Amino acid sequence: MDEVLSIAIQKTGRLSEKSLDLIRDAGIRFLSDSRVLKERALNYPVEFFFVRDDDIPMYVTNGVADIGFVGKNEVEERRQDLEVIRDLSFGACRLSIAVPNDFEYKSLKSLEGKRIATSYPNILSDYLDKNRVKAELVYVAGSVEITVQAGIADAICDLVSTGTTLRMNGLVEAEAIYYSSAVIVSRKGFLEEKSEKAKILNGLLERLDALSAARGKKYVIFNLPSDKVDMAAKIVGALKSPTVTPLVDKSWVSVQSVVAEDDFWRVFENLRKIGAEGILVMNIEKMTE
Ligand code: PRT
Ligand code: ZN
């Protein structure tokens, strides 16, 4: 039977749609809307395994899935022997200690002897130990933000992205202890194996890398007096040298280059200053460095 790479993805939640979008952008088609436990892609040798995010590290460790799309926080917390093979561009958040508004927080030492509720006891206890603070950890699987009002904790340690949840529950962020984003994990050394599955994975990563290289970049085409090409090359700071094409009018050329989106307006203004005309800017879907 042909080999198929098995990919664990969160069934529903913050990472599921974005993980599937990325896979779709990589040209892989699947039905997915039913979100059955397992589903084979239509045009690529991969199958998806839709599960809870908490379980993804374990499924990858025991080989039920070959790779997983999961929050780095879960990988760190579950302490499985896994390898993060790619950082993805979504799911950014931080694990933070937060205290009630009226808590006089001066430093981590203020938490000495206090009860801290969290779903991340391993990451939190490592952090407290490293800073020589002894606190009592109260494990809760969810709704960590209500534990102070409920009277079972003095402080919490939970994921934060905008901070709204903390504010709505009368809490303020005291310390960010771990920064996370979505990642791809595999068992250690899998990427370097000679197996058919590792080959499929390398092919998939090549596609994902092409998408990530294109992110935040624009393709710029403009006309320029021929004697200004060197100056233009300095302004755009292209990957290699920009592509220069002659025009019918020999005193002008057409120049094409990739520009970082963040840098675009500086480039635009400087190109105008040296006489660039007809500046055309296009989105890049995929590229290789
Ligand atoms: O059902 P399942 O177990 O699969 O899902 P889940 O409910 O455990 O996870 P889910 O979907 O909430 O989160 C999945 C992953 O998304 C997490 O493991 C993180 O890697 C990532 N992520 C990114 C977040 C957040 N941002 C986030 N803000 N996970 C959770 N939150 C929660 C946080 O716990 C708090 O309740 O959102 C609230 C805070 O958000 P703000 O914007 O109010 O600060
Ligand atoms: Zn979960």
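Student: How do you know that strand 12 and strand 15 pair?

Tutor: Strand 12 and strand 15 are joined in the antiparallel sense over five bridges. One pair of opposite residues is Asn-223 and Glu-277, the latter in strand 15. The strands themselves are DSSP runs of E, at least two residues long, and helices are runs of H or I, at least four residues long, both numbered from the N terminus.

Student: What kind of model is this, and what counts in it?

Tutor: This is a predicted model, in which local features need pLDDT of at least 70 and side-chain atom pairs count only at pLDDT 80 or more, while totals for chains, interfaces and linings use all residues. Residues are numbered from 1 along each chain as its sequence is written, chains are lettered from A and ligands numbered from 1 in the order in which they are written, and side-chain values use heavy atoms, with hydrogens and water left out.

Student: What makes strand 13 and strand 15 edge strands?

Tutor: The open sheet of four strands has the order 13-14-12-15, with antiparallel pairing. Strand 13 and strand 15 (277-283) each pair on one side only, and they are the edge strands. On average, neighbouring strands of this sheet are turned by 20 degrees against each other, direction ignored.

Student: Which bridges join strand 14 to strand 12 and to strand 13?

Tutor: Strand 12 (217-225) and strand 14 (252-260) pair in the antiparallel sense over nine bridges, and Tyr-219 has Val-258 as its bridge partner in strand 14. Strand 13 (243-246) and strand 14 are antiparallel as well, over four bridges, with Thr-243 partnered by Gln-256 of strand 14. Five residues lie between strand 13 and strand 14, which form a hairpin.

Student: Why are strand 2 and strand 5 said to stand at the edges?

Tutor: The open sheet of six strands runs in the order 2-3-1-4-11-5, with mixed pairing. Strand 2 (38-40) and strand 5 (82-87) each have a single partner strand, so one side of each is left without a neighbour in the sheet. From one strand to the next, the twist averages 30 degrees.

Student: How do you know that the buried residues of helix 1 line one face?

Tutor: Buried means under 20% relative accessible area, exposed over 50%, and partly exposed in between, with a 1.4 Å probe and protein chains only. In helix 1 the buried residues are Ser-16, Ser-19, Leu-20, Leu-22 and Ile-23. Viewed down the axis of helix 1, they fall within an arc of 155 degrees, and therefore line one face; the arc is that of the directions from the helix axis to the C-beta atoms. Strand 1, strand 3, strand 4 and helix 6 are among the elements that cover these residues, where contact means heavy atoms within 4.5 Å.

Student: Why is Glu-74 called buried?

Tutor: Glu-74 has a relative accessible area of 3%, which is under the 20% limit, so Glu-74 counts as buried. Glu-74 belongs to helix 3, and touches Asp-53, Asp-54, Pro-57 and Tyr-120, leaving aside residues up to four places away in sequence.

Student: Why is the site of the zinc ion (ligand 2) called irregular?

Tutor: Donors are N, O and S atoms within 2.8 Å of the metal (3.2 Å for Na, K and Ca), and water is not among the atoms, so sites may look incomplete. The protein donors are Asp-53 (OD) and Asp-54 (OD), at 1.9 to 2.1 Å from the zinc ion. Four donors are tetrahedral if all angles lie between 85 and 135 degrees; four are square planar and six octahedral if opposite donors are over 155 degrees apart and all others between 65 and 115; anything else is irregular. Angles among the four donor atoms run from 71 to 179 degrees, so the site is not tetrahedral, and it is classed as irregular.

Technical notes:
Two strands pair if DSSP finds at least two bridges between them. Axes are lines fitted to C-alpha atoms, for helices over the stretch in contact, and angles run from 0 to 180 degrees between N-to-C directions.
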